[in-house]
Amino acid sequence: MGKRIHFMCLSVLFSFMLFVPAEAQYKAQLDALIQEALASNPDILAAKERHEVYAERVPRAGALEDPMLGFGIVSLPSNFSFREEDMTMKEVSISQMLPFPGKRAAMRAAAGEEAEAVSKEVDEKAVNVVREVKNAYWDLSHIYRSTEVTQRNKGILESLARIAESQYSVGEGIQQDVLKAQVEISRMVDELIMLGQQRVAQEARICSLLNRSGDCLIGEPEELVFRKYPMTLQDLQRDALEANPTLARMKNMIDAKQKELRVAKLDYYPDFRVRFAYGQRDNGRDEMGLEMYRRDMLTGMVEVNLPIFTKSKQDRKVAETLADIRSVEAQYNNMKNEIFFMIANMSSMLQRAERQLDLYRTGIIPQAGAQLKSALSAYTVNKVDFMSLLDSQMTLYRYELEYHGALTEYEKTLASLEAAVGKQFIRN
């Protein structure tokens, strides 16, 4: 019986040695899901359509007003005779409003900057969707890894339970050891049920981000790989000034307001209305009753509006636009400071997480594994009790889960940092 127990302990030890922190290469599966989300996500599609709305406004912003076509009767006497008076005529006219030179170009430029700002909303949505896809994907990966670790440790505990039962059957163990092992096994069964429910929820979350309908199968995700990012805080903040879509959008809004200020200042100058009319006159008769020929008439006119109420109109418009510019600039500076804080905070979190993961990989898990191997060896010669052996196994199990959890949080923080900067990182 002693040899059998020793063999079973060796089997448990071999099962424990199967755990090694992941070092496999990244797969392309995540990239494929990201590309699908960028092409199909409803928020991104809605932002693109919104940009199309503003893009269509650009040519309209600098377009001329519609010309006015007029029909009328001039100098018609009260007896409605078209032949008595020389100036009686039937008139057709056309007129066109012409803004002061430079206004149309300024209005087109302002609308163009506004459309460009809205285009950055598409980039904002894309950055956020990529972050959400990555977070959901790494959560799903963690669920798969946790399931693997739990199933493997459940198998180990079942082996330990059989050892305890064998010891108890020959009078060398106690029933409490058997019951304790069975309780831990039941807890792992419950954990596997919960992980199964979480897997379904995370897959549904990814499917919603991809805008998939009907049956949606994601499949097993790639395994996480611990890889550091080499960028410094200064590099990240500098890149954010250039790549962050929110800051870029606000810069475009500032430029648009500057163009609107130019339009407001051009309102101090008059606009013009050009009018051309053709008047048709009927022939009349003179005092002798003879028919008198009357020529048709042409009329041309230029009208100019007089911007004389500048204090209540133009001055107020300029002041309003300047205040708007200052408001957007203040919002930009506030957003820049907030993004810089987020980058500094997440960069610090990543550095701490890197040290923590190194500690798990090079210290905690190997030490816990060594402790378990030592406990297994001591248990075979009755130098430690079963409860100490079980405690060593559960300690290693917890550390394995904590390692995968910390690695998942590291990747999710990195995805948030990429979203804050506005670009994907190339890591070692």
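Predicted model: local features only at pLDDT ≥ 70, side-chain atom pairs only at ≥ 80, totals over all residues.
**Start of α3**

I began at the start of helix α3, where a side-chain oxygen of N41 comes to within 3.0 Å of the backbone nitrogen of D43.

**Length of α3**

Next I checked the span of α3, which covers residues 42-61. With 20 residues at 1.5 Å a residue, I'd expect 28 Å, and the end C-alpha atoms sit 29 Å apart, so the two agree.

**Faces of α3**

Which residues of α3 are buried? I found I44, A47 and Y54. Looking down the axis of α3, I see the buried residues fall within an arc of 85°, so they line one face of the helix. I then turned to the face pointing away from that buried side, and there the exposed residues are E49, E56, P59 and R60.

**The sheet**

On to the strands. I traced an open sheet of four strands, in the order β1-β2-β3-β6, with antiparallel pairing.

Strands β2 (residues 89-98) and β3 (residues 272-280) run antiparallel and are joined by nine bridges. One pair I noted is K90 with its bridge partner Q280 in β3.

Then I followed β3 across to β6 (residues 297-304): eight bridges here, again antiparallel. F276 has G300 of β6 as its bridge partner, and A277 has T299 of β6.

Methods
Residues numbered from 1 in each chain as written. Heavy atoms only, no water. Helix = DSSP H or I, 4+ residues; strand = E, 2+ residues; numbered from the N terminus. Expected span 1.5 Å × (residues − 1). Buried < 20%, exposed > 50% of the residue type's maximum accessible area, 1.4 Å probe, protein only. Arc of directions from axis to C-beta. Polar contact = N/O pair within 3.5 Å; in protein donor to acceptor, adjacent residues only side chain to side chain. Pairing = 2+ DSSP bridges.
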